[in-house]
Amino acid sequence: MKIIIPFLTTVFLAAMSFAQEESASPPESTPPTTEEKASATVEETPASKPAEAAAPAAEKKAAPATAVTAAGKKEATTSTTAKPAAVAAAPSGKKMSADAAVKDNENRWEASYAAHDVSVAQSLVASDFVGVYWDGKVMSKSGVISEIKKDKDTYKSAKNDKLAVHSYGPNVAVVVGTAHEKGTAKDGKAFDRTFRFTDTWMLRNGQWQCVASQVMKLKG
C-alpha cells in the first residue's frame, strides 16, 4: 500500500505537469499571430503612404500644364487686342483729301479777314502769287497782306458759300466759290457784301498754296 501511494502521487504530478504544458502551449501560438497581424499592418501602412504622396505629385505636374495653357491664352488675347489698336491708328495718320484741304484753306482765309489776322495769308498765299482784286487792282502776296492790315471794318460774319473744287492732276486744284461778309464799315455804316472768286491752288512741299486769284463783287 505504501508503494502504491507514492506511485499514484508520481502519476498525478506527471499528469499535472502535462496539463500545465498543454495549457501553456496556446499562449505560445498567440504571439506569432500578433506578429503576423503587426507585419501585415506594417506592410499596409507603407503602401498607403506612397499612394498619398503620389497624388500631390500628380497635382504638381498638372499645375505647370495649366499655367502654360493660361499663358497661351494671355498671349492670344494680347495679339487679338493689338490688331484693333493698329486699325484704330490708321485714320489718325490718313492724309486729308485734296478737295477737303483746299476747302479748309479757303474757309480759314476768309475767316482771317474778319479777325484781321495776316498770318493765315502769309502761310496760304504763295510767294509768286498773282491776283486781280474786285476793283480791278492786280495784287501780289504783299498786296493781299497790305489790304488785310489796312482794313478797319468790323465784321459780324465772314464765310464762304458753294465752294466747288476742280482738280487738274494731283497737285493742281481750282476753287470757284462765293464769299459773304456782314458788319460795320469804318464810317459806321452797316455793310452786306458778296464776292465771287476763282482761286488756283498748287501742292508744294506737302502744302497747298494759292498761286492765282480772281475776285468780283456781286453785291454791297
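Tutor: Let us begin with a loop: His 116 lies between H2 and H3. The model is predicted, so local features need pLDDT of at least 70 and side-chain atom pairs count only at pLDDT 80 or more, whereas totals for chains, interfaces and linings use all residues. Residues are numbered from 1 along each chain as its sequence is written, and side-chain values use heavy atoms, with hydrogens and water left out.

Student: Why is His 116 called partly exposed?

Tutor: Buried means under 20% relative accessible area, exposed means over 50%, and partly exposed is what lies in between (1.4 Å probe, protein chains only). His 116 has a relative accessible area of 34%, so it is partly exposed.

Student: How do you know whether Asn 205 is buried or exposed?

Tutor: Its relative accessibility is 86%, so Asn 205 counts as exposed. Asn 205 is found in the loop between S5 and S6, and its phi is also a positive value, near 55 degrees.

Student: What makes a stretch of the chain a helix or a strand?

Tutor: Both are DSSP runs, numbered from the N terminus: helices are H or I with at least four residues, and strands are E with at least two. The protein chain has 4 helices and 6 strands, which run α-α-α-β-β-α-β-β-β-β from the N terminus on.

Student: How do you know that the span of H2 is close to the expected one?

Tutor: The expected span is 1.5 Å times one less than the number of residues. H2 (residues 98-115) has 18 residues and reaches 26 Å from its first C-alpha to its last, close to the 26 Å expected.

Student: Which residues of H2 are buried, and why are they said to line one face?

Tutor: Ala 101, Val 102, Asn 105, Glu 106, Trp 109, Glu 110, Ser 112 and Tyr 113 are buried in H2. Seen down the axis of H2, these buried residues fall within an arc of 160 degrees, so they line one face of the helix. The arc is that of the directions from the helix axis to the C-beta atoms.

Student: What makes a group of residues a nonpolar core?

Tutor: Such a core is a set of buried Ala, Val, Leu, Ile, Met, Phe, Trp, Tyr and Cys residues joined through side-chain atoms within 4.5 Å. The largest one here has 25 residues, and those with the most contacts inside it include Val 102, Trp 109 and Val 144. Contact means heavy atoms within 4.5 Å. Not counting residues up to four places away in sequence, Val 144 touches Trp 109, Tyr 113, Ala 121, Phe 129 and Met 139.

Student: How do you know that S1 and S2 pair?

Tutor: Two strands pair if DSSP finds at least two bridges between them. S1 and S2 have 2 bridges, in the antiparallel sense, so by this definition they pair. Val 132 stands opposite Val 138 in S2. S3 and S4 also pair in the antiparallel sense, over 11 bridges.

Student: Why are S2 and S3 called edge strands?

Tutor: The open sheet of 6 strands has the order S2-S1-S6-S5-S4-S3, with mixed pairing. S2 and S3 are its edge strands: each pairs on one side only.
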